[in-house]
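Subject: Structure handover

Hello,

Here is the structure I promised to pass on. Please open it first, then read my notes below.

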Amino acid sequence: MKNIGLVLVFLLLSGLACGKFGASKSTSTSPLTVGELGALKDKNPTELAAKYNGKKVIVVGEVLQVPFTYPGAYETFGYQSILLTDHHGSAVDCQVTEAEAAKFKDLKIDDVVTVTGTFKYEKSTMDIEGCSKATADNIK
């Protein structure tokens with residue numbers, strides 16, 4: 001009986017440790033490039049979705065399109081888009097909320113930017129929802 005109790009305590013503590021350290025919604029604090037995501041999408045879209053969908057990611061890319069290109073987007077969609085690319089055919093749509101917009105106002109085409117948010121791959125598009133500029137605090 002004593003051994004069963006010890007095993008149960010061990011399993012409980014192991015489960016708590018996994019929940020705290022291993023099984024989070026974040027895949028990694030290491031930045032991914034738009035090119036890496038695009039290559040995985042081309043090679044194995046199912047793996048891309050399984051690995052990153054719904055998880056917080058940090059992505060580095062070059063600005064292909066800056067925000068505020070279509071009036072009323074906040075009212076219509078709840079966000080403005082900044083399109084990030086690797087200039088080899090891959091693109092990620094960074095969906096910036098109005099609250100985050102000021103942090104992106106100085107971006108220009110071809111600037112390299114690091115962003116963070118929740119990854120979403122659906123059909124053939126790669127999006128980062130709730131996109132914000134990454135800071136030293138969330139890049140390790």
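At roughly what angle do the axes of helix α2 and α3 cross? The answer is roughly 130°. The two axes come within 5 Å. Helix α2 covers residues 34-43, and helix α3 covers residues 45-52.

Before more detail, a word on the model. It is predicted. The mean pLDDT of the protein is 77. A pLDDT of 70 or more is reached by 68% of the residues. Residues 1-27 are another matter: there pLDDT stays under 50. For that stretch the model has eleven contacts beyond four places in sequence. Where pLDDT is low, the predicted coordinates should not be read in detail.

**Overall layout**

The protein has 140 residues, and 31% of them count as buried. It holds four helices and six strands. Along the sequence they follow the pattern α-β-α-α-β-α-β-β-β-β. Take the contacts with a separation of 6 or more: 57% of them join residues 24 or more positions apart.

**Back to the helix pair**

Which residues make the contact between α2 and α3? From α2 come L37, L40, K41 and K43. They meet P45, E47, L48, K51 and Y52 in α3. By class, this contact has five nonpolar and four charged residues. It has no polar ones.

**The aromatic pair**

Y52 turns up again here. The structure holds one aromatic pair, and Y52 and F119 form it. The ring centres are 6.1 Å apart, with 70° between the planes. Planes over 60 degrees apart count as edge-to-face, so this pair is edge-to-face.

The pair links distant parts of the chain. Y52 sits in helix α3, while F119 sits in strand β5, residues 112-122. The two are 67 residues apart.

Are these two residues buried or exposed? Buried means a relative accessible area under 20%. Y52 has 9%, so Y52 is buried. F119 has 1%, so F119 is buried too.

Look next at Q95, in strand β4, residues 91-96. Its relative accessibility is 8%, so Q95 counts as buried. What does Q95 touch, leaving out residues up to four places away in sequence? The list is Y79, Q80, D127, I128, E129, G130 and C131. One of these, E129, is 34 residues from Q95 in sequence. In space the two are 5.2 Å apart, C-alpha to C-alpha.

Then go to S132, in strand β6, residues 125-133. S132 has a relative accessible area of 15%, so S132 is buried. Again leaving out residues up to four places away in sequence, S132 touches E100, F104, T114, V115 and T116.

**Two loop residues with positive phi**

Where is D110 found? D110 lies in the loop between β4 and β5. Its phi is near 75°, a positive value in a residue other than glycine. D110 has 46% relative accessibility, so D110 counts as partly exposed. Its contacts, not counting residues up to four places away in sequence, are E62, V63 and H87. D110 and V63 are 47 residues apart in sequence. Their C-alpha atoms are 4.9 Å apart in space.

K123 is found in the loop between β5 and β6. K123 is not a glycine, yet its phi is positive, at about 60°. Is K123 buried or exposed? K123 has a relative accessible area of 77%, so K123 is exposed.

**Where to start looking**

Then follow Q95 across to E129, one of the residues it touches. Finish at the loops, with D110 between β4 and β5 and K123 between β5 and β6.

Best wishes

Technical notes
Residues are numbered from 1 along each chain as its sequence is written. This is a predicted model: local features need pLDDT of at least 70, side-chain atom pairs count only at pLDDT 80 or more; totals for chains, interfaces and linings use all residues. Side-chain values use heavy atoms; hydrogens and water are left out. Rings of Phe, Tyr and Trp (its six-membered ring) pair if their centres lie within 6.5 Å; planes under 30 degrees apart count as stacked, over 60 as edge-to-face and the rest as tilted. Buried means under 20% relative accessible area, exposed over 50%, partly exposed in between (1.4 Å probe, protein chains only). Axes are lines fitted to C-alpha atoms, for helices over the stretch in contact, and angles run from 0 to 180 degrees between N-to-C directions. Contact means heavy atoms within 4.5 Å. Ala, Val, Leu, Ile, Met, Phe, Trp, Tyr, Cys and Pro count as nonpolar, Asp, Glu, Lys and Arg as charged, and the others, Gly among them, as polar. pLDDT is the predictor's confidence in each residue, from 0 to 100.
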